[in-house]
Amino acid sequence: MESQQQRLQLSKVVNNLRSQLPHLSDEQLKQQYLNNLEWTEPLAVTLQQVEEKSQALRVVKLALEVDWHLGARLAGVVKPEFHTATVGWLTQLDIPQLLLNRLLGTTGSDSAIPPLLEALNAEDAGVRCSATEALGELGSVAAVTALSIGLNHPDPEVRSQAAYELGQIGSESGVAALRQALNDPEYQVRESAALALGAIGSEAAVEALAQALNHHNLDWRGRAASALGQIRTEAAVAVLKEALNDEVYRVRETAALALGKIGTEAAVAALRHSVNHENFDFRGIATSALGMIGTDAAVEALQEALDHKDYRVRGRAALALGSIGTEAAVAALQRALNDKNHRVREKAALGLGSTDSEAALVSLQQALSDEDSYVRRTAAEALGYIGSEAGLVALQRALSDEDTYVRRTVAWALGRIGTSVTASDRTHEPEAALSSGAVAALRLALNDQDAWVRLSAAYGLGKVGSEIGIAALQQSLSDENFEVREKAAEALGKIGSEAGVAGLRQSLYDEDFGVRRRAAEALGKIGTEPAVAALRQALRDHDTEVRCRAASGLGKIGTEAAVAALRVALRDENADVRLMAVQGLGESGSEAAVAVLRSALNEEDSGLRGRAAYALGASRSKMAVEALVSALSDQDSWVRWMATSALGTIGSEIAALGLEQALRDEDFRVRYTAAEALGKIGRSELLPDLSDMLVTAVDSYELSTVLHAIASIQKRYGYYNYHLATS
């Protein structure tokens, strides 16, 4: 109802405007209507109905004086018989071809095709590609014909782009040319043509791709099969069904996966037959493709595959059912846990874990007693993935398993379950529940004779994040195995309690640099004053990475003491440490940190100056703006670029004034970054300068950035032309 009312209102406005047009002076038309964004849509609709050529041309000509993009849009909405004149005016503008191509595409007019075809012969590759994109934007039957011509261009980039645009248009009339492009000598063109045919998806497109499946190049046959996967028709399925018998495995594989994407009943039937293919690997691919489909028919086919004579097919079917995860799939997997082959039972357990189903818990707990250690290990892993407290008791018992690998997996699973329980709201006092469950079991596992079990237990305690495990983890900081010590340090950092600082401080003297690195990182996460004191000590470590992590940690803490330590780190002999100190100061964002970074903008090292500028942006401090504006005059263009980016991040009015200066920088990266930022925060006074940048843009990226900035400012202020709005 609301949409209908809006259409009626628009119709009323358009009728009124059409009757007024002959009586409006040029100045009135520009000031009151053309320069006002609110009138753009009504004007466009009105021009479609204006029969008098002189009146229509007058509006377009005045629109071009207001704004090029506005003029280009209106040039294409007047009566088609007027397009020769209106589009011709665009070609007479004294602007670069790159910009002209954009405007010609905006018109949507077939009259833009001749100049765009001419631009396809330009020396500049960027101009040629932009002309191809503009033809695609037109989207008409004539544009399809022009793009078909482009498929014979000597530049493979143009041919590839033309194929892509034909796919975007999706017209049946482009199929014949794309069919020829399937034989292009360049692979990228053939690939674009195949994808385009897949996007069109008509019967003719299917026929063309079917023909490509007979190509002598096996990679090309695979690409054609993949493209057919975009087309959900019976014809496409029929062609892919034939491709399942290709002599080359990779082609058969791609065809099976394409059928998996299509997912219709006919696709299921084709894949169901391939589960009995003579080649094992292909049988597995067909089974996995059924898992991609996931319908009732696919589940039925996979249930049937669980009785296949080949245990490997049964295993693949179990994994596929796990990816589907429906009640029927879970029931089938529970049955597969009793398969005579341990590999199938293993895959069934893994499949049950990926279902996240509570119904699978009982079966998986029973599987922890399976005679095969691989099955027991996989069952433990699956229980960890499901993450339910119901599995805790069985997993605790499994910590006594005779197989080392089972115990390792159990320790990992306990940590994951503890994390899930803590993160959820399944209990009113989750930590209390964990103290008698996962945490207690993990603490016990820290004494296991196997180092990897101890490592997994330390990792798990860190994931759980309970302070109950701190004492045990501190003991593990003295473990004979350095990897266990590393995990214990990491876990204490994740828990984040000051109670862990003393042990971590001692670990900064560990003989292993990996332990010292983890300890420094953990202290940064804890972030108390004692942790700062320890990290200051770590800044003197002979290992560069330890010092880097200490600097990073100090930045996360951000107190005055931490900033003072980072000031010292700026004088480190190693550049990486200095840069990490700069990053840390940016993360801190305190007044003291900003002051240090501002002074760093005067350092001799340009890399340090650039990082300091970027860090000042990360701090978002308005106190940094003055220094960053000064950095816009740095002799190094990278430093100027970072300063421009930082000012855009800060985004204040004063920063915007600095960014206006950057619009005139000699480096295009600085210019387009400034334009991008000013599109969000810039004043309307900038519109003339940004328009001037349109004629100096060096490539399509800069041109797009400036056009977007102009459009953003125009939308914010509600008009196109600053001088016109303020005159």
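Residues are called buried when under 20% of their relative area is accessible, exposed when over 50% is, and partly exposed in between (1.4 Å probe, protein chains only). The structure described here is a predicted model, in which local features need pLDDT of at least 70 and side-chain atom pairs count only at pLDDT 80 or more, while totals for chains, interfaces and linings use all residues. Residues are numbered from 1 along each chain as its sequence is written, and side-chain values use heavy atoms, with hydrogens and water left out.

By the scale above, Arg683 counts as partly exposed because its relative accessible area is 32%. Its salt-bridge partner is Glu685, with 3.9 Å from N to O; a salt bridge here is a side-chain nitrogen of Lys or Arg within 4 Å of a carboxyl oxygen of Asp or Glu. Glu685 is also partly exposed, because its relative accessibility is 33%. Elsewhere, salt bridges with shared partners connect Glu486, Lys487, Glu490, Lys494 and Arg518 in one network.

Across the whole structure, the search finds 42 salt bridges. One of them pairs the side chains of Arg159 and Asp184 at 2.7 Å, N to O. This pair links distant parts of the chain, 25 residues apart: Arg159 belongs to helix α11 (residues 156-169), and Asp184 to the loop between α12 (175-181) and α13 (187-200). Helices in this account are DSSP runs (H or I, at least four residues), as strands are (E, at least two), numbered from the N terminus. Arg159 and Asp184 are buried.

Another salt bridge joins Asp246 to Arg221, at 3.0 Å from N to O.

Next come the open spaces. Rolling a probe the size of a water molecule over the atoms shows where empty space is left. On a 1 Å grid over the protein atoms alone, a cavity is a set of points where a 1.4 Å probe fits but cannot get out, whereas a pocket is an open set with protein on both sides within 12 Å along at least five of seven lines; lining residues have an atom within 4 Å of a point. The largest pocket has a volume of about 520 Å³, a volume being the space filled by probe spheres set on the points, which are joined across faces, edges and corners. Its lining holds 25 residues, and Asp67, His69, Ile710, Gln714 and Tyr720 lie nearest the centre. Elements giving two or more residues to this lining include α4 (53-66), α5 (68-75) and α46 (700-717). The most come from α46, which gives five residues.

On the surface, Leu319, Leu350 and Tyr385 form a nonpolar patch with about 220 Å² of accessible area together. Tyr385 sits in helix α25 (residues 373-386) and is partly exposed, because its relative accessible area is 37%.

Two further positions complete the picture. Gln474 lies in helix α31 (residues 470-476) and, at 26% relative accessibility, is partly exposed. Gln474 and Val501 are 27 residues apart in sequence, and their C-alpha atoms are 9.5 Å apart in space. Arg620, although not a glycine, has a positive phi of about 55°. Arg620 is found in the loop between α40 (606-619) and α41 (625-631), and counts as exposed because its relative accessibility is 57%.

How values were computed: Patches are made of residues with over 30% relative accessible area and no salt bridge: like charges are joined within 9 Å, nonpolar side chains (Val, Leu, Ile, Met, Phe, Trp, Tyr) within 5 Å. Accessible areas come from the Shrake-Rupley method with a 1.4 Å probe; for residues, only the protein chains shown count as cover.
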